[in-house]
Amino acid sequence: RESQQLIADTQQANRVLAEMTAANLKQSLDEVILMGTELAKRTELSPHWTPECNRLLADFKQLHVGFSAASFTDAEGIHRCSSNAGDKPPAPTVLTDTEWFQRIKAEKRPVISQPYLERILKTWLVVVAAPVLGVDGNLRGTVNLVLSLDQLGSTLSGVRLPEHAFITVLDSEGTIVTRSTDVQKWVGKNLKGTGLVDIAMREHD
């Protein structure tokens, strides 16, 4: 009976910790979405490159140091200005085929991308994108805030854990989205098929 009670107490503690973690992450992402939504209202955002657009995004990134980049993409999925481009137009990156751009184009509401690995710096990132809508309600473009998953993982640092314990956050496919320790080492790994993960996913369903 004592062992059964210990198991039950541990499971309950884990549920409480999971709920706290989910609440912390949701609050952090909701704040980023709000930032993107407010930024999307600015008139400096233009379907054609302007230095004012670059400066707006550079000032935003300087004020909010947790972001890797901020950019504006037109309705065709082409980068038009960027916080990291200085006083020149950014490289004409086309995002039309990305899953998150397809979603925001169809739904016209803020979206969060799947984690992806930045090829040069080998850093895991996520895009939080907000739609820029015209007065007719049509999509004029998107504001894209790029967040390192190291930064997202820092939201877990305030959670008190026992020694050698850690928190791992998975998406609905069993892929690690962030972690309280060793984020870049573990993010992107799929743990589906392992016992504890499969049990957790079944309970979530």
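The residues lining the second largest pocket divide into 11 nonpolar, 10 polar and two charged, where Ala, Val, Leu, Ile, Met, Phe, Trp, Tyr, Cys and Pro count as nonpolar, Asp, Glu, Lys and Arg as charged, and the others, Gly among them, as polar. The model is predicted, so that local features need pLDDT of at least 70 and side-chain atom pairs count only at pLDDT 80 or more, while totals for chains, interfaces and linings use all residues. Residues are numbered from 1 along each chain as its sequence is written, and side-chain values use heavy atoms, with hydrogens and water left out.

The second largest pocket has a volume of about 690 Å³. A pocket is an open set of points, on a 1 Å grid over the protein atoms alone, where a 1.4 Å probe fits, with protein on both sides within 12 Å along at least five of seven lines; lining residues have an atom within 4 Å of a point. Grid points are joined across faces, edges and corners, and the volume is the space filled by probe spheres set on the points. The lining of this pocket comprises 23 residues, and His79, Thr93, Leu95, Tyr116 and Val146 lie nearest its centre. At least two lining residues each come from strand 1 (67–74), strand 2 (79–82), helix 3 (99–107), strand 4 (116–118), strand 5 (123–133) and strand 6 (139–148). The most is given by strand 1, with four residues. Helices (H or I, at least four residues) and strands (E, at least two) are DSSP runs, numbered from the N terminus.

Serine 71 is placed in strand 1. Serine 71 has a relative accessible area of 6% and is therefore buried, the classes being buried under 20%, exposed over 50% and partly exposed in between (1.4 Å probe, protein chains only). Apart from neighbours within four places in sequence, serine 71 is in contact (heavy atoms within 4.5 Å) with Leu57, His79, Cys81, Ser82, Thr142, Val143 and Asn144.

In the protein chain as a whole, six helices and eight strands are present. Their order from the N terminus is α-α-β-β-α-β-β-β-β-α-β-β-α-α. Of the 205 residues in the chain, 35% are buried. Among contacts with a separation of 6 or more, 47% are between residues 24 or more positions apart. The chain exposes about 12,600 Å², of which carbon and sulfur atoms supply 55%; areas come from the Shrake-Rupley method with a 1.4 Å probe, and for residues only the protein chains shown count as cover.

Leucine 39 belongs to helix 1 (residues 2–39). Its relative accessible area is 7%, and leucine 39 is therefore buried. Not counting residues up to four places away in sequence, leucine 39 touches Leu45, Leu56, Leu57, Phe60, Val143 and Leu145.

Two aromatic pairs are held by the structure. In one, the ring centres of phenylalanine 60 and phenylalanine 67 are 5.6 Å apart and the planes stand at 35 degrees, so the pair is tilted. Pairing requires rings of Phe, Tyr and Trp (its six-membered ring) with centres within 6.5 Å; planes under 30 degrees apart count as stacked, over 60 as edge-to-face and the rest as tilted. Phenylalanine 60 and phenylalanine 67 are both buried. For tryptophan 100 and phenylalanine 101, the ring centres are 6.1 Å apart and the planes are at 80 degrees, so this pair is edge-to-face. Tryptophan 100 and phenylalanine 101 are also buried.

Alanine 58 is in helix 2 (residues 51–63) and, at 29% relative accessibility, counts as partly exposed. Alanine 58 and glycine 86, 28 residues apart in sequence, have C-alpha atoms separated by 8.0 Å. Lysine 41 occupies the loop between helix 1 and helix 2 and counts as exposed, at 58% relative accessibility. The C-alpha atoms of lysine 41 and valine 132 are separated by 7.0 Å, although the residues are 91 apart along the chain.

The loop between helix 3 and strand 3 (111–112) holds lysine 108. The phi angle of lysine 108 is near 55 degrees, a positive value in a residue other than glycine. Lysine 108 is partly exposed, at 35% relative accessibility. Proline 110 lies in the loop between helix 3 and strand 3, and is partly exposed with a relative accessible area of 27%. Proline 110 touches Ile33, Thr37, Ala129, Ala130 and Pro131, leaving out residues up to four places away in sequence. From proline 110 to threonine 37 the C-alpha distance is 7.6 Å, at 73 residues apart in sequence.
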